[in-house]
Amino acid sequence: MSHELIPEGLWTGDYYNEGTGKSDIFDTLKEECGVFGVFGHPDAASLSYYGLHALQHRGEESAGICVADGDSFNYHRDMGLVKEVFDKDKLESLKGNMSIGHVRYSTSGDSRITNAQPLVFKYREGNLAIATNGNIVNEPMLRRELEKAGSIFQTTSDTEVIAHLIARSPKDFVEAAKDALQRLVGGFAFLLMTNDKLLVASDPNGLRPLTMGRLGDAYIFTSETCALEVIGAETIRDVAPGELLILDRDGLREERYTAPGRKALCAMEYIYFSRPDSDLNGSNLHSARKRMGSRMALESFIDADVVTGVPDSSISAAIGYAEQTGIPYELGLIKNKYTGRTFIQPSQELREQGVKMKLSAVRRVVEGKRVVMIDDSIVRGTTSRRIVNLLREAGATEVHVRITSPPFKNPCFYGIDTPDRRELIASSKSIEEICREINADSLSFLSVEGLISAIGGYDEQSYKGGLCLACFDNDYPTPIDFDGEEKMGCSC
């Protein structure tokens, strides 16, 4: 198949829209990964399958499950969606009452089977499997130090770093894991499993979400509560920043590997990444997003005929905006969810306007109307311009864009796959300039104060409501400069 006539960014591999980041026709942010763990259930692998399926939105490039039965490991992982990687026979071969699972997005160039998780290693105390969500900022420095000491790395994933730190320690597994975790800087949620133990750890700032649930006598751990609902488990609590949970034949022990730092849960989990039926710190995401839309209406009202949201993450906010203003909410944009992996070469027209492969404007809804288009963020600006133009082509007389987050100006070092700062349109252009760039009649962003207020209920007494807002205000909760060797984005 020839790629010569295909514009850069529309066809980058064996199938249309393969990969993430710049290779996506949408310039939306990419989530890092999702993790799911089970301890003490005879059908651990099946539970992990259903849990990972619920977390599929957090990673669509690879999936894997590793199980332990007290004596040995069995695992399977591959590239693709959960339903593509696992079938009945594969699940039936994964016997054990303890498991960890993973779904993964990768940064461009690292989409390969060797980086698919859980990563599995031979270890002096038996087997070791690791799954993580997030990013270790000081990974390059640690990797260089370990390589100088003789470590040989098999992957480009920074998850492998903690395995080497544990393996080189003379201490027992739990103490070695504590020492290793103390050396990491970044945002992460770790599941570490040996033949007879499961360790669960959250970074000292709680940047990445991690929740504990119960299903009968079994313990469940997941990146989002929606995965607990799927398997019928009850939510117990969030894993605290700096906490280490140890599960073995003696049950659950709650310890710490370090003192908690400044609370800083990623605000983009509320705005965009987590599913609307998930809860974060007791706050339902759909309700929080509705409040963002309502607050947006109070801050930046515009008279219009219809309100529509960009599917899927902005629908809740669009409903909130419509309810606050009294302007009717309509499905003015429809997302086609079945175009991500197709080997059929698109037509020349669709190569030139690839966004139509995934999104369509409903002409009968927007034609002749003044439209308020609600979206959650603007990254490079190219997607917003394409969607605005879609609405105009469908006959909208005016398109007013309202973004339910502050301007995204700074890269993420904690697990979100973000472009370089120079590619973030808000880092170099004013709101008026961005408005012209995306061809909108007007443009407004939600204020930082409005965002914190709308999320609400997390920790109003904490600094910035207990949220990480660094992508908006450049105030990072951890050190990010390691002599130019720091790693940003997602590298799990």
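Helices (H or I, at least four residues) and strands (E, at least two) are DSSP runs, numbered from the N terminus.

The model is predicted, so local features need pLDDT of at least 70 and side-chain atom pairs count only at pLDDT 80 or more, while totals for chains, interfaces and linings use all residues. Residues are numbered from 1 along each chain as its sequence is written, and side-chain values use heavy atoms, with hydrogens and water left out.

Strand 20 (residues 370–375) is largely enclosed by the rest of the structure, because 5 of its 6 residues are buried. Here buried means under 20% relative accessible area, exposed means over 50%, and partly exposed lies in between (1.4 Å probe, protein chains only). Strand 20 pairs with strand 21 (residues 398–403) in the parallel sense over 6 bridges; two strands pair if DSSP finds at least two bridges between them. Within this pairing, Val371 stands opposite Val399 of strand 21. Strand 20 also pairs in the parallel sense with strand 17 (residues 306–309), over 4 bridges. There, Thr308 has Met373 of strand 20 as its bridge partner.

Ala318 counts as buried, because its relative accessibility is 0%. Leaving aside residues up to four places away in sequence, Ala318 touches Val307, Thr308, Gly309, Tyr329 and Ile374, where contact means heavy atoms within 4.5 Å. Ser294 is 24 residues from Ala318 along the chain, and the C-alpha atoms of the two are separated by 8.4 Å.

Another part of the structure is an open sheet of 6 strands, with antiparallel pairing and the order 5-6-7-8-12-13. Its edge strands are strand 5 and strand 13 (251–256), each of which pairs on one side only. On average, neighbouring strands of this sheet are turned by 20° against each other, direction ignored. Such angles are taken between axes, which are lines fitted to C-alpha atoms (for helices over the stretch in contact); angles run from 0 to 180 degrees between N-to-C directions.

Strand 5 (residues 119–123) has a covered face formed by Leu119, Phe121 and Tyr123, and an uncovered one formed by Val120 and Lys122. A hairpin of 2 residues joins strand 5 to strand 6, and these antiparallel strands are joined by 5 bridges, strand 6 spanning residues 126–136. Tyr123 stands opposite Gly126 of strand 6, while Val120 stands opposite Ala129. Helix 5 lies across strand 5, strand 6 and strand 7 (186–193), running at about 15° to strand 5.

The loop between helix 4 (139–148) and helix 5 (159–167) holds Ser157. This residue counts as buried because its relative accessibility is 1%. The side chain of Ser157 reaches the backbone nitrogen of Thr159 at 3.1 Å. A polar contact is a pair of N or O atoms within 3.5 Å; within protein, one must be able to donate a hydrogen and the other to accept it, and residues adjacent in sequence count only if both atoms are side-chain atoms.

Charged residues complete the picture. Side chains of opposite charge can pair when their charged atoms come close. A salt bridge is a side-chain nitrogen of Lys or Arg within 4 Å of a carboxyl oxygen of Asp or Glu, and a search of the whole structure finds 28 of them. Asp196 forms one with Arg249, the closest N and O atoms being 3.9 Å apart. This pair links distant parts of the chain, 53 residues apart: Asp196 is in the loop between strand 7 and strand 8 (198–202), and Arg249 in the loop between strand 12 (243–248) and strand 13. Asp196 is partly exposed at 28% relative accessible area, whereas Arg249 counts as exposed at 70% relative accessibility. Lys171 and Asp179 also meet in a salt bridge (2.7 Å, N to O). Finally, a network of salt bridges links Glu175, Lys178, Asp248, Arg253 and Glu255.
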